[in-house]
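Please open the model in your viewer and keep the selection panel at hand.

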Amino acid sequence: MITSLYIKDFALIDELEVDFEPGLSILTGQTGAGKSIIIGALHMILGERADTDVIRQGSRKAIAEGILQIGDHREIRSILEENQVDYREELLLRREIRDSGSRAFINDTPVTISVLKAVGDYLVDLHGQHDHQLLLKDEYHRVVLDDSPAIRPLLAAYQEARNTMSRLQSSLQTLMKRESDLQQKTDLYRFQLQELEAAQLDPDELEELTTEMKRLDNAEELDSKAGAISEIGQGDEINLLQLLQKMKEFLQDLTRIEPDFETYREEIRTATISIQETVQFAERYRSQIEFNPDRLEELRRRQAEINRLQKKYNRTLPELLEYQKEIRHELDLADNFDLEIEKLQKEINKQQQELTQRAQELHNTRIETGQQLSAEIEKRLKHLGIEHPLFRVGVDWAVDPNGWIEIDGQSIDCRMDGCDQILFYISTNQGEEPKRLARIASGGEVSRVMLALKSIIARRQKMPVMIFDEIDTGISGRISEKVGQVMQELSRQCQIIAITHQPQIASYADRHYRVEKRELKGRTVSRIVPLSEQERVKEVASLMGGEVITESTLKSARELVGKNSH
């Protein structure tokens, strides 16, 4: 339940704090006093959209903060833990609106607006002044029906089967499109594959070609330089190895006298070995040098062919080889399209049976649930003053010539929300057949149907808080008495906060608040005032008789409050 609400610099409200209690809390006040502003602030802390024009003139930001007692709530605990927010049984929701944007907090931890809304959706069902118009929209009828615990798992199973069918259908369309595209490209692919296969490309060939061509192209220089190296160790005039040998002998003699020369003697020995090995390698290398102009020309032609293919296809050699694999696969596929399509069609036929079964189960359960819902609504509508209500939930297959499944010889449209067209029908006059609610129900009747639905939803979902902003639109005093009774009954299961102009509804309050406008320092501000028992009677009297309250009106108000209080 909501235990307190704090609002600052929000529209006409400079600063306001109000405590709420369990049961039925009623807010009354003149039109424009600010009742809907308070509801707007509640919208804010529940994660609904808020514009910057709610910021009170002259202020930097608007603030709304609510404290709710939630006990041990498994779903909310899961949401908060997932978003690294500390869980407490007393939940603090806060929203700030600035010119630069909006900020949200849960238990003083910043969160996204979507997280705030996810939490709020589990705590409060807020029915605004115009929300009853949702009943006039056909798509809302399915939302109401599918809220049943019996339907939810079947809808999830249907959606899973439908998603699988959608993927298979998409794969089939893609495959058929590829078949059509390939038919136009087959000749080109065959020519390209023949050309690439004839080239016998190898991923390392280009590098090997370059290396071999470099050796052949520089054979003379390689032979000349390698020969010069070998002559260093064999020449008559200067024999480097002999010089190093002499240095080694001198250093050996010096070492016997001065040990410091030992290091250099060792380095000369190492250098001698390295030079000997280099000379030997140069001699061996010369014997392997190939002087072959024909081979060089052959390699150049091969290099030119590879370069031509790379330029033609605008691909590197590795990419050419990958492209060769791709077009070979495409041509293999083109030769086997019929088999691939047949295989996929078998999967679709199998999935079609699964989808049909899931759709049928969902359809049947919707019919059963609709019958139960109709009976419950009729019972509540009688209590709300409609003496002979007939309410029907129509659940019919959605026929579509392009549908994925077939029921009773008709192709059925498989949407994400199911294969059914769901409509509410109502008759409020004895002897009349029910007709579509959107076409015949009056404003007062729609309000009562919505209240009946809300009372069913409250019991089904165990919603902690329900807020009604003038759900009594279009109903008379006698019916208001019935609406008040329903709200009072609902308040035994959850906290109810309601805005009303009807004295009959106000008389059922456990706690009554008056919202009023005042002049403060030259500016208009809104205030919410908890009423004492005497003030409450006076407020109900003003709802009954207007600004001029007579003793007779006070007496009637006192009797009304006394009769409906508990």
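Predicted model: local features only at pLDDT ≥ 70, side-chain atom pairs only at ≥ 80, totals over all residues.

**Salt bridges and a surface patch**

Across the whole structure, a search finds 36 salt bridges.

**Stop 1: Arg328 and Glu197**

Select Arg328 together with Glu197. The two form a salt bridge in which the closest N and O atoms are 3.2 Å apart. Arg328 belongs to helix H11 (residues 317–335) and Glu197 to helix H5 (residues 152–199), so this pair ties together parts that are 131 residues apart in sequence. Colour the pair by accessibility next: Arg328 is partly exposed, at a relative accessible area of 30%, and Glu197 is partly exposed as well, at 38%.

**Stop 2: Arg358 and Glu354**

Move to helix H12 (residues 337–383), which contains both Arg358 and Glu354. They are four residues apart, about one turn of the helix, and their side chains meet in a salt bridge with an N to O distance of 3.0 Å. Arg358 has a relative accessible area of 26%, which makes it partly exposed; Glu354, at 29%, is likewise counted as partly exposed.

**Stop 3: Arg514 and Glu539**

Which elements does the next pair link? Select Arg514 in strand S16 (residues 511–520) and Glu539 in helix H17 (residues 533–545). The pair joins distant parts of the chain, 25 residues apart, through a salt bridge of 3.6 Å, N to O. Is Glu539 buried or exposed? Glu539 is buried, with a relative accessible area of 8%, because the cut-off for burial is under 20%.

**Stop 4: a network of charged side chains**

Select Arg142, Asp146, Arg366, Asp413, Arg415, Asp417 and Asp420 in one step; a network of salt bridges links these residues.

**Stop 5**

Phe261 is partly exposed, with a relative accessible area of 30%.

Notes. Residues numbered from 1 in each chain as written. Heavy atoms only, no water. Salt bridge = Lys/Arg side-chain N within 4 Å of Asp/Glu carboxyl O. Helix = DSSP H or I, 4+ residues; strand = E, 2+ residues; numbered from the N terminus. Buried < 20%, exposed > 50% of the residue type's maximum accessible area, 1.4 Å probe, protein only.
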